[in-house]
Each structure stands twice: as structure tokens, then as C-alpha cells.
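This briefing covers one protein model.

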Amino acid sequence: MVPIVFVHGIRVSATMWDPVRSRLGRPSAAVDLPGHGSRRGEPFTMESAVQAVADAIEGVAGSGGRAVVAGLSLGGYVGIAAAGRFPGRVAGLVAMGCTAFPGRRAGIYRSVASLAARDPGLANRISAYGLRRLLPGPAGEALVAGGLSCEVAPQVVEAVAGHDQLAALAAYPGRVWLVNGARDPFRADERAFLRACRNGRLIHLPRRGHLGVLAAPGPLARLLDDLCDQVDPAPRDRADQTGRPGSRV
């Protein structure tokens, strides 16, 4: 059964995926990227982030093993980079909320990131409040549980703006699912990203915004399980190891 490696968004940590992982029917791991969570204080580069994903794949799938990589926002951009860099280790790619060219809006992102980095303590408190209001309950708490790291935002913006996402997608021969909330502004260039994929599919989640895809972890876990079944040499039985029936969406 192919496992999943989850990659988180900017300033949050691996804990954002806990509600989804607890509902999966397969093994999974969630990575803390450099500068985030347990790795707070480390410099962030796209190279170091991609290596963190590769290490997580080895940790959950073993030496030479493969995993589906699923990331949201920053995690999606990192997942795209990891698929392009290590195509033999990425069994499939689920890239969520990351189909906008960051370079077009780099000036805005740099300004916001610089402002947050000037007083990261204040920025972290504001972010925590906003995330809890946006996603009340377990989903919002999971976003802040691992701590916030607004101080790393400028490094993240530069790394993402300097990376060629379309070239990475074109270099990856495996299955790619571009998953966007229908109300997500980060789907602005999704057609260009889809055209760059050698084996891609675009999926829209109705009535969801950028982080709103996390609001219903059960359906998202079922979707991810079903997508993994499409690349899995040994698909799940209709009743998984937890005893709950296998499902399709």
C-alpha cells in the first residue's frame, strides 16, 4: 500500500495535517519544512525543503521506496519541486492550492512577508487568531498546534518566486492531481499548470477557499485515499485496517 507524505503551508507545521491523517486508510507521514515547526530557526531554501520531503519518503516507505506527495499552498509548491527533482521516489503528486504564478505577485508577497518578519511574535499571534476564526474547531487548532513561524516568510517567498514550477511539472512523468477550492484565488493559473503536466488532472472542491479544503478532513482523506488507489499496486480492500468500509467520492 503506497503511503502519503504530507507537506504543510507557510508559517505552520506538519500538525496541520493531523485531522486528515487520522482518517486515512493507509500509512502516512507529515514533514516539518526547514524554518517551521520542529525545525524553526533553520534557513529555508527550496533545495532544503525538497530534501526534507525526500527524507520523509524514505522514512515512511523505506530505502528506495515511493510515496504519494500531497501538499497545500507552500506545501504544494514544494511537492511540485520534489516531484521534478526525485521523480522515481514520488509515486504521485497531489498539489493543492498552488496553481498561481508567485512571481507575478512577488512584490505584494515580499511586502507582507517583510512586515511579518519585523515583529514575528505579533504576526504569529495575529495569524493564530485568524486561522482559528477561519477554521473553527479541530482543523484550525491543528494549524497552530505545532507553533507558527512568520519570521521565515521572506525566505519562503524568495524560494518559491525563484522556482520554475512548470519546468518541474514537465519533468515529472507520474500522475498529478491539481486540487483547488473553487473559491481559491491561488487557482488563477491552473490551466497553465495543467498543460505543463505530462499526466495531469484538475479537481475542483465546490464552495472551498484556499485553506477551506481542510475544513472537512474526512472527505479530503477519502479523496486522497482514492487518488492513491490509482497508483497503488496493492489497492486498499473495501474494509481497511481500521475496520471501517472503504469508500469512494
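The expected span of a helix is 1.5 Å times one less than its number of residues. Helices (H or I, at least four residues) and strands (E, at least two) are DSSP runs, numbered from the N terminus. This is a predicted model, in which local features need pLDDT of at least 70 and side-chain atom pairs count only at pLDDT 80 or more, while totals for chains, interfaces and linings use all residues. Residues are numbered from 1 along each chain as its sequence is written, and side-chain values use heavy atoms, with hydrogens and water left out.

**Helix H10**

- H10 has 13 residues and reaches 18 Å from its first C-alpha to its last, close to the 18 Å expected at 1.5 Å a residue.
- Eleven of the 13 residues of H10 are buried (under 20% relative accessible area, with exposed over 50% and partly exposed in between; 1.4 Å probe, protein chains only).
- Among the buried residues of H10 are Pro-217, Gly-218, Asp-225, Asp-226 and Asp-229, as well as Leu-220, Leu-224 and Leu-227.
- The buried residues of H10 pack against S1, H1, S3, strand S4 (90–96), S5 and S6, where contact means heavy atoms within 4.5 Å.

**Nonpolar cores**

- A nonpolar core is a set of buried Ala, Val, Leu, Ile, Met, Phe, Trp, Tyr and Cys residues joined through side-chain atoms within 4.5 Å.
- The largest nonpolar core has 41 residues, of which Leu-33, Phe-44, Val-53, Val-78, Ile-80, Leu-93 and Leu-169 touch the most other members.
- Leaving out residues up to four places away in sequence, Val-53 touches Val-5, Val-7, Val-31, Val-69, Val-78 and Ala-82.
- Another core, of 35 residues, lies apart from the largest one; its members include Val-20, Met-96, Ala-221 and Leu-223.

**Aromatic pairs**

- There are three aromatic pairs in the structure (rings of Phe, Tyr and Trp, the last by its six-membered ring, with centres within 6.5 Å; planes under 30 degrees apart count as stacked, over 60 as edge-to-face and the rest as tilted).
- One of them joins Phe-6 and Trp-17, whose ring centres are 4.8 Å apart and whose planes are at 35 degrees, so the pair is tilted.
- Phe-6 is in strand S1 (residues 4–7) and Trp-17 in the loop between S1 and helix H1 (18–21), eleven residues apart.
- Both Phe-6 and Trp-17 are buried.
- Tyr-109 and Phe-186 form a stacked pair, at 6.4 Å centre to centre and 10 degrees between the planes.
- Because Tyr-109 lies in helix H4 (residues 106–118) and Phe-186 in the loop between strand S5 (175–181) and helix H9 (190–196), this pair ties together parts that are 77 residues apart in sequence.
- Tyr-109 is partly exposed at 24% relative accessibility, and Phe-186 is partly exposed at 22%.

**Backbone**

- Most residues other than glycine have a negative phi.
- Ser-73, although not a glycine, has a positive phi of about 60 degrees.
- Ser-73 lies in the loop between strand S3 (67–72) and helix H3 (74–85) and counts as buried, at 13% relative accessibility.
- Arg-207, also not a glycine, has a positive phi of about 65 degrees.
- Arg-207 is in the loop between strand S6 (200–205) and helix H10 (217–229) and counts as exposed, at 63% relative accessibility.

**Cysteines**

- The count of disulfides (pairs of cysteine sulfur atoms within 2.5 Å) comes to zero.
- The cysteine sulfur closest to that of Cys-228 is in Cys-98, 16 Å away, which is too far for a bond.
- Cys-228 is buried at 1% relative accessibility, and Cys-150 is buried at 4%.
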